[in-house]
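Welcome, and please take a moment to look over the model shown here.

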Amino acid sequence: MTTGGPPLLRGTGLAKIYGNLVALDDTDFSVDPGEVRALIGSNGAGKSTLIKILTGAVMPTRGSVEISGEIAPLGDPSEMIRRGVACIYQHSNLAPAMSALDNIYLGRQPTRRFGFVDTRRQRLKAEELLAHHGIDIDLDARVGTLPTVKQKEVEILKALALDARVILMDEPTGWLAGADVVRLHDTIRMLKARGVGIVYISHVLDEIFAVCDTVTIMRDGRVVAESAVAEIDRPRLVHLMVGEKLARESADAALHQRRPRGTGAVRLSARGLGKSGVFADVSFDLHAGEIFCLTGLIGSRRTELVRTLFGSDRFDSGMLEIDGRRVAPRTPLDGMSLGIGFVPEDRHREGLMLDMNVTENLAMATLGRHCRGPFLSRSGMVRAGRKAIEDLSVQPRDGSKVVRLLSGGNQQKVLVGKWLSRSPRILILDEPTVGVDVGAKAEIYAILRREREQGAAILIVSSDLEEVMTVADRIGVMVSGRLAAVHDAGTAAMADIVREIGGGSA
Amino acid sequence: MISRKDLSLLILIIVVGTVVAIINPRFLSPINLSNTANLIGLFGIFAVAQAFVIISGGIELSVGSIIALLGVLFIDLVAAGSLSPGLAFLVVLGLGCLIGLLHGFLVARVGLQPFVVTLCGLLIYRGIARYYTEDATAGFPFGASFPTLEWLVAGRLYGIPHSLIAFLLITAVMGVVLHRSVYGRHLFAVGKSEEAARYSGINTTRVVITAYVICCALTAVAAVFIAMYTRSISPSSHGNFYELYAIAAAVLGGCSLRGGEGSILGVVLGTVLLQVLQNLVNLLGIPSSLNFAVMGSVILIGVLADQQFSKRKAG
Amino acid sequence: MRSASAALALFFAATILLFSLSAPRFASASTVENLMSGFSFVAILAMGQAFPILVRGIDLSIGAIVGLVGMIVFDLSLILHVPGYLILPLALFAGALAGALNGVLVVHLRLQPFIATLATLAAYRGLTYAISGRQLVPGLTTTPIRDPWLTGIETYFDVGRWLGLSRLVNMPWVPLSFVIMLAVFAVLQVLLTSTRFGRDIYATGGNHEAARLAGIRVNGVIITAYALAGLCAAIAALIMVARFTTATEALGAGMELTAIAAAVIGGVSLAGGVGAMFGPALGAFLLGAILIGLTLQGVPQFVQQIITGAILLAAVGYDRLLSVRRQRRLSAPSTAAT
Amino acid sequence: MQEEKTNDRRNFLKTIALGSAAVAGAGAGMFSAPGDRPIAVGMPRARAEGTRYKTAFIQWQPHTVPAAWSKGIEEVLGPQQIVDYELLDGQNKVEVQVSLVETLISQGASVIFLQPIDSVALAPSIAKAKRAGISVITLNIDATEPHASHVEMNHYYGAMDIAKAMGDAMGGKGKVAILNAPPGIIIRDQRTNGFVDGLKKHHPDIQVVADQVADWDRKKAQDVLNTILAANPDLGGVYGVNDSMALGAVDVAKEKGLLGKIAIFGNDGETAALESIEAGELTGTQYTDVYQQGRLAAAAATVLATGGVEAGAFAQQSRLLMPYVIATKANVGSIQPSQRW
C-alpha cells in the first residue's frame, strides 16, 4: 500500500523514560496515506506511550515526529490536531456534562466571526456525519447520561469529525458489540479509500486480519517486527508478540504446573449472579488451589463482576456462596472479612497510596495487626514490610521508598503483597500485569503459583491472552456480561478462545 | 523524626525571629515571648483541629462561628451559675462533637461538598449565637470571678501560659493519634485516595466523620479557652475569620488541601510562624494597614516555596 | 441543569408569592426597585464567580477586588482628578488584571485556587488600605464623588411612563445598575453558550485532560475565567461607588461568600463544568428577596442568617438528591471503566 | 450634678420640641410652595386616623453604644401606642445599611434613626428617604446630605479633650499609643484626628509612637498592646478608640503591674468603663449619657413622625449636641446608676 513521497506520519528514534522505567525505547514508526497499520503487542509493550507521543499528549524523552515530511512540534496536542492527527483513546476522554454534539467538536467548534459557535453548521455537519456512518446518537443528550457504548461512538465521531489525515485508534472496539465492530471496519475502509492513514491497536487478532494492511509488533518498548498482514500468520504473530523466551517458558510452566480442575474444595460458588443492565446469569465455582482466569473484551463486564464478589459493588440477583455459606458482601470490609483479597485494575487510583512508602502500603490492609494497644508499632510494620519485600523481591529493597517512584512491576508486587500479608483464602486480581515489564511479570506469576500451592483460590481477570494461557488452570470467557464458556486450560486452544472473546462461535 | 519540609519551616521561623530580634531586641523579652506563647496556644488548638479535616480531604469553614456559639454558651452557662465550669465544659465539648458528627454525616454519608456544608455552618452557628444572646455581649458580670477556672485556663506556670501547656498536651495527643495510630494511617489513606482506602477495607465514611468530630471537639476546647481569655463575647464578631487563620496555619504547615498530607509538627510551626509575623508587624511598627498585605504575601510565599521544594523532590 | 434552573425559578416564584402574601408592602413597586438596585451588583459578582467555579476553581478574592477597584476609582477621581470617562476603563482593567493574576497563580504556579485566592484576598485588601485616599488625605472622607460619568451609573428609568402604563399600575423605576446587570448577563450567557470560548470553559471544567488532548489551551481558558471574575468584580465596584458616591476601605468585604452562595444555589457545581449564568443571577436575587422579605416581616437579622444558611444547605442537598437519582437511574450503563 | 443633669434634660426636651416645631412651622410656611415639589409616596402626615407610625434604627453593627441608644429610643417610643420601632443591623457594611434604608422607604417608615458607617456613602440613601417624605435622624456620625436632625456626641472635640486630659495626667511629656479601629468607618478617622490634633495643640511634647488596629475588640487590644509594650516599655499613655479596646489595655496593665504608670483613656463611657475608672484602673473616658441621647432622638422622632413636619421641608438640619464629660476618677461618682449604660 505504499505510495511515493514521504509517509503521512513518521516517528523517528522516539523514546520515553519514566524514572527508571523505559516505556519506549528508540522506536521508529510510520504510516502512509491510505494505509491501515495494526499496532500490536502485549500490555506494557509501549503501544499507548507511542500513541500518546504521536498525539502530543506526552512529551517524548527524545526523538522526532514528521507529518508529511514536515517536523512537528512535540508535546502539544493542539499542534498535532491542527496538523490532522486525531485519536480515539482507550479511556473515556469526554466532558460528561456537555452534549454529545459539543463533545464531538470539543475544542474546535465551527465558528463564525468573533468566536461565535456556528451551531447550525455544527449540527448539520454532525448530522451528516451520523448519517454517513449510520450511527444513531441523540446529539443533545448529555454524554454523562449516555450508555457506555454510545459514549464510545461519540469518541469515534469526535475523531471522524476532525477530517483527520491520520487517525490513531487505541482499542476502538473494546466497548462495541459484533455488529458495531463490522460497521466500524466499514468506516475504516471508507477512510482508507480517502487516503487517510490509520493506526489500529487491538488485542483481537481477527480484527487485524479483517481490516489491516500492515502490522507493527511491539514488545518491551521496542518494535520487534513489521510486516504486511498478508505475509504473516497467526501463530507467528503471537510468537512475535510474546517473545521466544516467554513463549517457551510459559509453555513449560503451563505443562509442568497446570492443575486439573476441581482438585480442591469449592471456595466460592456463584449461581446465576446478575446486576441489572451490567451482567446476568453468571455461574461458576472457584476451587481451593486453582487459578481461574476470566478473559474477554474490555467492556465485557469482567471487572464489574469481580467487584461484586469483593463487595465494592453489589449484585442484585443470584446467589453467592463462600465456603458453603451464602453471603452478600456489601462493602470491601465485608469482602475482606470473608477472606477475599482484591487487587484492582487501576492500581494508581484504587490500589496504592502513591505518595506513601512501600512499608506503609504493604501494611495498609493489616494495620490492626501492628498495634500495641491503641498505638501503631512502627517496628512491627517495618519488620513485616522487610519480610514482604524479601519474599516478593521488590526492587529496590528499601521500605522507605515512595511507591510513586517504583516501576510498574514493583508497584504491582507491593499491591499484591499488601493482600498476601492477610493470607487471603480467595485472591482476586484484575489485570494484574498491565504496565508491568516481562521480568516482573514472571515473578508475579511465580508468586501467584506459590500462593496456589499453599491452597489459595485465585481468580484473575485478564485481557492478555498470553497471560491467560500461561497461568490459568481454567479459563472463563466473558462476552457482553455473560460467562460464555469455561475451558480447561490444558485442553483449550488459543484460537477457540480468541473466537469466543470476539463474541462469535463462527 | 523531622521532615525536611518542617525543618525548612523551622529555619524560616528562626530567620524571621532573628531578624526581628536584631531590629528590636525586645522581641526576645520574657514578656513578649510569654504573650506570643499564649496566642500560639489559643490559635494553635483550632489550627490543629482544622488540620484533621484538611488531611481527610475536606475543609471546615465554620470554625469561627463554632467558637462564637460555644463561647457564648459556655460563658452564659457559667456566669448564670446554672452549671459548674466543669459541667459546662463537658456540655460545650459534647455540643462540639455533635456539630462535628453532623458535618461528617453530611459530607461522608450524604455526599455534600465540605465547602458548602461548612459554609452553611458558618452562617447558621453565628446566627444561632446572635439569636441566643439577642446580639448582646455575653460576659461575666463585673467583678465576678471563678478563681479555679480562671487559673486553669488563663493562668501561668513559671511564666508559661496554661493555654500553651494545654496546646502542647493536645498536640502531643493528637500527634500520636495522627502519626502513631491506626486511625491516623487510615485518615491519611482516605485523604490520599478514598478509592484505594476503600479497597483496602478501610471504613472511609467512619474515618471522615471521626475527622470532623475531632475537629469540632478540639474547636470546642479552643472556644472555652478563648472565651475565658476575652471574658466577654460579642456574638456578631467573636472569632470572625478564625477559620481562614486556621486554614492558613495548616497549609503553611504543609497540609495539602487535596488531602492526605500534613503533620502535626508542621501545623504547630505554621501557627508559630503566623503569630511571629503578627508580632513582627506590631513590634516593628509597620503601619497596621499593611498588616493584611504582609500576611497575604507571606502565605503566598510560603506555599510557593513549599511547591518548588516538593517539585524538586519529585523531579 | 435545565431542570435545576426551572426548580430554582419555581422556588423564586414561590418565595415571592409567600412574602407577597405574608410580608406587609412586599408586593410593591418600591420593593422591586430595592431588589433591583440593591442586588444587581451581587448578581454580577455571582455571575463572575461562576467562571472560576466552572473551571473547577474558586475565587475568594473578589470581595477584596471590589474594595481595591473602589479605592482606585476614589483616588483617581478625588485625588488625581482624572475624568470619569477615563476612570471607567481603567477600573475595569484593574479588576480584570487582579483577576488574571489569580489565574496565573493557579495555572502557572500550580497553587490550589482556595489558597491562592485566600492569599490575594489578604494582599488586595492590604493594598486597598495602603492606597486609601481616605487615610492619605483625611479631608476626602466627607467629599462625595461628583463625576457624572461615575455617579451617572446610579440612574433610574421610569419605564412605566415610557410604556404608558403608569396610569394603570405603579411600575418600579428601573435602575441603570439593573440594566447593566442584564447586559452583563446577556454578554456572559452568549459567551458561555454560543462561543468557542464558552465550550472550552465547560470542557476544561468537565474533563481537564480531555480538554487538553482536544487541543484546548486550558491554561489560557482558566486565566481568562479568573480575569472575567475580576472584571465582574470591577463592574460591581463601579455600581457600588456610584450608589454610595464614595468608596470605603471595607467595600465588598465578605461578598465573596455571598457570591459563592448565590452561584451554588444557582446550580453551579463546585465540581466544575456544570452551570450557566441564569442560576447565579437568580440565586443572588433570591437571597435578596429573602433578606428584604424577612426584614419587612420584622424577622431579626440573626434569624435571617440562619435561614440563609438553611436554604443554601437545602439547595445543594436537593441538587445532590437529583444527581444521586440520576446516577441510580443510569447506574447500569455508566459504571466505572473496566 | 444630678439636679443639673435633669435640668439639662428638660432643657433639651424643650429645645427639641420647640426647635422642631419652629422648623416645622417654617417649613410649612415657607417651603411648601405648591406645585414645585411633588410630594412622593408614603407621606406620613397624610395618614388616616388609627394608622401606626413605623420607625427603625439602623445601627452600625451590634455594639454597646447602639444597644444603649436603642434602649433609650424604646423608652420614649414604647409607651406611644401608635409608634412601632425596631432595631436593624448594618453588619458593618455600607451596602447593607443602604439596602436597609431602601427597605424602610418601601415599607413606608416615618422616621429612620441611622448610625451611618460613612458620611458620604449613606448620603444618597438619605436623600432618597427625604424624597419619600421620611425623616432621617443620624446618631453620632453626620452625613453629607442635610437631613432632619443629627444627635451627636462630638468625636473630634471629645478626642481633643481626651488628649488634653491624658497629657495632663502624663505631665505633658512621654509616649502614647493608639489602639485603633480598622479603616472603613468614619468615627475612626474623626477620633484619631481629634486626638492627634489635641496632642499637638495642648501637649506638643507628647509623641504618638504606635497606631495599631485592634478591631474594636478587647482581646485583640490585649494582644496588640502587649506587643506595643514590648517595643516601647516606657509607654506613658494609651488611647483606646472605644472603651472595649481601652479595657483590653487595662487588662494588660493590670497583669504587668503597670496600673497607675500608664494613663489609659477610652471613648464612649459604657458601664464597664465607668466601673473600671471607679476601681482606679482606667484613667478616663469620654462619657455621654447614651440612653439620653437615644431618648432625645426619639423625642425628635416623635415630633417628626406625628407632628406634621414634612421631611423635605428642611433647609437646614437641626443639630443636637450632647454634652459630654471626660470622666475620670474625680468626677465619675457623679454619674448616676440610671445614666450608666
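## A lysine in chain D

Lys256(D) sits in helix α8 of chain D, which covers residues 243-256. Helices here are DSSP runs of H or I with at least four residues, strands are runs of E with at least two, and both are numbered from the N terminus. A residue is called buried if 20 or more other C-beta atoms lie within 10 Å of its own, exposed if 12 or fewer, and partly exposed in between, with C-beta atoms placed from the backbone. In sequence, Lys256(D) and Asn226(D) are 30 residues apart, while in space they are 9.5 Å apart, C-alpha to C-alpha.

Before going further, a word on the model and its labels. This is a predicted model, in which local features need pLDDT of at least 70 and side-chain atom pairs count only at pLDDT 80 or more, while totals for chains, interfaces and linings use all residues. Residues are numbered from 1 along each chain as its sequence is written, and chains are lettered from A and ligands numbered from 1 in the order in which they are written.

## Where chains B and D meet

Asn226(D) turns up again in a contact between two helices, made by Ile31(B), Asn32(B), Asn35(B) and Leu39(B) of α2(B) and by Asp223(D), Asn226(D), Thr227(D) and Ala230(D) of α7(D). Two residues are in contact if their C-beta atoms, placed from the backbone, lie within 7 Å. Sorted by class, these residues are three nonpolar, four polar and one charged. Ala, Val, Leu, Ile, Met, Phe, Trp, Tyr, Cys and Pro count as nonpolar, Asp, Glu, Lys and Arg as charged, and the others, Gly among them, as polar.

Helix α2 of chain B (residues 30-55) and α7(D) pack at an angle of about 160°, and their axes are 9 Å apart. Axes are lines fitted to C-alpha atoms, for helices over the stretch in contact, and angles run from 0 to 180 degrees between N-to-C directions. The two helices, α2(B) and α7(D), are therefore roughly antiparallel to each other; angles under 35 degrees count as roughly parallel, over 145 as roughly antiparallel, 65 to 115 as roughly perpendicular and the rest as oblique. The crossing of α2(B) and α7(D) is left-handed, meaning that the near helix is turned anticlockwise from the far one by less than a right angle, whereas clockwise would be right-handed.

Now find the loop between β7 (206-213) and α7 (218-231) of chain D, where Asp215(D) is located. Trp216(D) lies in that loop between β7 and α7 as well. Most residues other than glycine have a negative phi. Asp215(D), however, has a positive phi near 55°, and Trp216(D) has a positive phi near 65°.

How many C-beta neighbours does Asp215(D) have inside 10 Å? There are 18, so Asp215(D) counts as partly exposed. Trp216(D), with 24 other C-beta atoms within 10 Å, is buried.

## A helix pair within chain B

In chain B, helix α3 (residues 63-79) and helix α4 (residues 85-109) pack at an angle of about 155°, with axes 9 Å apart. That angle makes α3(B) roughly antiparallel to α4(B). The crossing of α3(B) and α4(B) is right-handed.

The residues of α3(B) in this contact include Ile66(B), Leu70(B) and Phe74(B), and those of α4(B) include Ala88(B), Val92(B) and Gly96(B). By class, the contact of α3(B) with α4(B) has 12 nonpolar, one polar and no charged residues.

Chain C has 15 helices and two strands. Its C-alpha trace spans about 70 × 50 × 40 Å along the principal axes, and buried residues make up 60% of the 338 residues in chain C.

Which chains does chain C touch? With chain B, 34 residues of chain C are in contact with 33 residues of chain B. On the side of chain C that touches chain B, α5(C) gives the largest share, 13 residues, and the classes are 23 nonpolar, eight polar and three charged. The contact with chain D takes 30 residues from chain C and 27 residues from chain D. There, α2(C) gives the most to the side of chain C, with four residues, and that side has 10 nonpolar, 15 polar and five charged residues.
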